[in-house]
Structures are given as structure tokens and as C-alpha cells.
Amino acid sequence: MSSFFLFSLVIFLYPIQTLSVTPPVQISEAIGWSTTGRRLETESCRTGNPIDDCWRCDPGWETNRKILADCAVGFGRNAVGGRDGEIYVIKSADDDPVNPIPGSLRYAVIREEPLWIIFDRDMIIKLKQELVMNSHKTIDGRGFNIQISNGPCIAIYNVSNIIIHNIYIHDCQPAGNALVRDTPNHYEVRGRSDGDGISIYGSKDIWIDHCTFSNCYDGLIDVVYGSTAITISNNYMFDHNEVMLMGHSDDFFPDKNMQITIAFNFFGDSLVQRIPRCRHGYFHIVNNIYSGWEMYAIGGSANPTINSQGNVFIASNNKSTKEVTKHELSSGDDGDDWKKWNWRSEGDLMLNDAFFTTSGQETPAAYIKASSMVARPAASLLTTTPPSAGALTCQKNQLC
Ligand SMILES: *[C@@H]1O[C@H](CO)[C@@H](O)[C@H](O)[C@H]1NC(C)=O
Ligand SMILES: *[C@@H]1O[C@H](CO)[C@@H](O)[C@H](O)[C@H]1NC(C)=O
């Protein structure tokens with residue numbers, strides 16, 4: 001390892017250390033470091049992150065909000081959200097699951113028409129039931145500190161074209177066995193919800209970008225039941241056990257078509273496992289930073305294809321958790337099946353004795369359906385501007 005690189009690493013690790021010694025009182029403090037080093041000139045604001053470079057160099061982001069819809073990369077790149085609809089401003093943090101009042105988040109997300117949903121101030125939204133979204137919606141928290149927390153959180157069921165951007169999602173709880181409205185003309189009794197941060201079920205063209213997630217009852221983001229065409233990017237996740245589940249069960253075969261990109265995320269302190277845990281489909285895990293994991297980072301069963309490129313894996317000091325990967329056994333598996341699953345690691349940076357157990361074929365052809373963008377060199381994640389994953393603090397007429 002070159003001394004130049006070590007130097008960069010020290011700079012990079014500093015904020016992580018700050019995080020671990022000072023547990024955040026307010027979640028926004030936890031990413032205080034991410035927006036330091038604000039860039040003043042548009043010329044020098046490009047970072048090499050293709051999503052951010054698409055919109056963050058524009059001090060007029062507030063008036064040009066919808067440009068974001070054309071900035072996605074990866075399998076979820078066609079998610080246009082509410083781009084082709086009106087802007088809708090949320091003015092109330094109230095929640096009525098059956099008769100939501102105009103100006104509340106639930107009122108907006110169940111509409112039939114496309115909407116680009118923004119907020120008029122900082123808001124802590126404690127939902128009474130899951131927020132069941134209709135298609136063609138963007139929830140855009142830029143400009144304010146928007147938290148969905150301490151109640152049920154977001155449910156994306158049987159819909160398409162959703163963008164969730166710049167929201168804090170934390171301490172999500174189960175609820176359900178209650179009436180919930182899902183469109184202006186329909187409500188029904190919904191069963192018990194899992195307590196996920198975002199639950200994606202039977203849906204496609206979804207993009208989740210620049211959100212901060214922590215400490216939910218079940219998963220931070222779970223993707224199941226034939227969902228596909230999804231990008232999960234630039235998020236900051238910390239303090240959680242089962243982080244992301246992708247694929248319903250070993251014998252649910254429609255998940256064979258699942259294609260998911262996980263890019264430019266920062267996986268921080270106190271994450272235990274499932275970052276993500278995959279079944280059946282195709283997973284492009286690219287240019288993320290993993291800062292420790294208490295059991296494993298990337299795992300799976302039932303023959304998922306995992307294309308890991310340009311990530312930084314920093315193992316913790318615990319000698320028994322150096323392995324990034326976990327090939328899980330499923331019923332009927334004689335213990336050797338995993339050797340056929342295509343899992344590769346290409347250009348990943350392995351630090352503090354982290355190691356990745358590859359399997360299956362080494363040929364590029366095996367990974368075509370798990371390739372969705374060009375990976376940058378892993379070391380560039382550490383040497384360019386400070387990492388800026390998670391919800392951002394954006395002010396009008398300034399670079400965000
Ligand atoms: C989604 O659609 C499937 C198939 O039409 C249906 O069985 C299921 O109840 C729907 N799920 C939800 C949660 O709306
Ligand atoms: C190290 O990791 C293992 C496996 O997760 C765990 O059982 C053990 O308690 C950890 N040790 C320490 C000192 O944290």
C-alpha cells in the first residue's frame with residue numbers, strides 16, 4: 001500500500017471515528033461531516049460520481065429540481081418518478097391513514113397523477129400506518145430536514161416509477177391490521193407490516209438516492225416479490241442488523257429476473273449483516289464504501305449473480321468477521337451448490353484483511369446481466385472530495 005494511499009485513508013477515516021465516539025443526538029448531526037468542504041466554483045465541483053455531477057453543480061437546484069429525474073444510473077435509471085407532473089408542496093406532518101388531509105404526505109403519494117413532492121419546512125413525520133405509494137411519485141426532501149421515523153415507514157407495492165431522495169428514514173416500526181388508503185378511491189384492511197424503512201414489493205423502476213437510514217425494526221430496504229429495475233445509491237446507513245434483503249425466498253422463482261444496482265453508498269458503523277442478502281437475481285454492487293460489518297457484508301442463497309466492482313471493504317478489527325461474503329445454505333443444498341454461483345470481486349479494495357470468497361465462472365459473459373454502469377477505481381472513492389452519502393443539507397441558490 002503506498003504511503004499516498006495511507007495518507008488518504010487517514011483523512012477518510014477521521015469522520016468515521018468522529019461518528020463512533022459521538023453517538024448522534026439528532027440524526028442530522030451524524031452526517032455533519034458530509035457537507036463540509038462545500039465547493040464554491042462550479043468548475044471544481046465535479047467529483048466523478050455521475051449522479052451528483054449531473055445536478056449538484058447547479059446552484060439553482062431548487063428551481064431546477066426535476067433535472068434530478070434524469071440523473072439516475074444503473075438498473076433503476078429509467079425511474080422518472082413524478083417528473084412529468086406538478087410540484088406538490090407538503091405543509092403538514094399530520095397523518096390520517098384513511099382520510100388524509102390535503103397538504104399531508106399521504107394525501108400526495110396516493111394520487112393517481114404524477115407528482116413531484118417537496119416540503120415547505122423541516123418536518124418529522126410519524127406515520128400511523130405504512131405510507132402506501134402510488135406510481136409516478138418523487139419524494140424530494142432537498143432544502144429541509146425531513147424525517148420519517150418512529151412509526152411505520154414507506155411501502156412501494158405493485159407500482160412503478162418512484163424516486164425517494166434526501167429523506168432521513170429511521171426507527172421504523174411495524175403496524176397494520178388496519179384500514180389504509182392506497183388510492184383516492186380505495187382503501188382496505190392491510191395486514192401487519194414488517195417495520196422496514198422502505199419495503200419494495202412487486203415493483204419496478206425505483207431509485208432511492210441520498211437518504212440516511214438507521215435502526216429499523218426489520219430491514220432498512222427490502223426488495224421482494226418480483227421487483228426489478230432498482231438503483232439504491234448515495235445512501236448512508238448505520239446502526240442496524242439486517243440491512244437489505246433482496247429476494248423473497250429460495251423457492252420464489254419470479255425473483256430470477258431481479259436486477260438491482262447498489263452504488264456510491266456509505267455503509268457505516270454498527271451494521272451487522274445483509275448489506276445486501278441476495279436471492280436468484282442479478283446484483284451490481286459498485287463503488288460503495290463498507291466500513292466494518294459485524295457478521296458479513298454481501299451474502300445470499302439460491303444462485304444469485306453478484307458483480308462486486310470498485311468497492312472499498314474495510315474490515316473491523318474482529319478477527320472472525322474479515323470475510324465480506326457469506327454463501328448461505330438453503331434446504332436441499334448438499335453444501336457445495338454455492339461453488340456454482342457467479343460471485344466476482346473486480347477492482348475492490350480490501351483493507352484491514354478483508355477478503356471476498358469468489359465462486360462460479362470468471363468469464364465476463366457470466367456478468368452481463370449484472371452489469372449496469374462503469375465502475376470507478378475504488379481508491380478514487382477515498383482520494384476525491386469528502387464522501388457525501390446520505391441526506392444532504394441544501395440551501396437555495398447555493399451548491400448542494
Ligand atoms: C400485488 O399484486 C398481487 C398480484 O396481483 C396481489 O396478489 C397482491 O395482493 C398485491 N400486493 C399488495 C401488497 O398490494
Ligand atoms: C466478533 O465477531 C463474532 C461473529 O460475529 C462475534 O460472535 C463476537 O462476539 C465478536 N467479538 C467481539 C470482541 O466483538
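A residue is taken as near a molecule or strand if its C-beta atom, placed from the backbone, lies within 6 Å of it. In this predicted model, local features need pLDDT of at least 70, side-chain atom pairs count only at pLDDT 80 or more, and totals for chains, interfaces and linings use all residues. Residues are numbered from 1 along each chain as its sequence is written, while chains are lettered from A and ligands numbered from 1 in the order in which they are written.

Around ligand 2 lie Glu294, Met295, Asn318, Ser320 and Thr321. This second shell holds one nonpolar, three polar and one charged residues.

The chain contains five helices and 31 strands. Helices (H or I, at least four residues) and strands (E, at least two) are DSSP runs, numbered from the N terminus. Nine strands form an open sheet in the order S3-S6-S9-S14-S17-S21-S25-S28-S31, with parallel pairing. Its edges are strand S3 (123-125) and strand S31 (349-351), each pairing on one side only. Two strands pair if DSSP finds at least two bridges between them. Strands of a sheet pair through backbone hydrogen bonds, either parallel or antiparallel. Strand S17 (residues 236-238) and strand S21 (residues 266-267) pair in the parallel sense, over two bridges. Within this pair, Met237 stands opposite Phe267 in S21.

Ser345 belongs to strand S30 (residues 343-346). Ser345 is buried because it has 21 C-beta neighbours inside 10 Å. The cut-offs are 20 or more other C-beta atoms within 10 Å for buried, 12 or fewer for exposed, and in between for partly exposed, with C-beta atoms placed from the backbone. Leaving aside residues up to four places away in sequence, Ser345 touches Ser308, Phe356 and Thr358. A contact requires C-beta atoms, placed from the backbone, within 7 Å. The C-alpha atoms of Ser345 and Gln309 are 5.9 Å apart, across 36 residues of chain.

Of the 400 residues in the chain, 52% are buried. Among contacts between residues at least 6 apart in sequence, 66% join residues at least 24 apart. The average pLDDT, the predictor's confidence in each residue from 0 to 100, is 90, and 88% of the residues score at least 70. Over residues 1-42 the pLDDT is below 50, and this stretch has 44 contacts beyond near neighbours in sequence. Where pLDDT is low, the predicted coordinates should not be read in detail.

Terms used:
Nonpolar A, V, L, I, M, F, W, Y, C, P; charged D, E, K, R; others polar. Contact = placed C-beta atoms within 7 Å.
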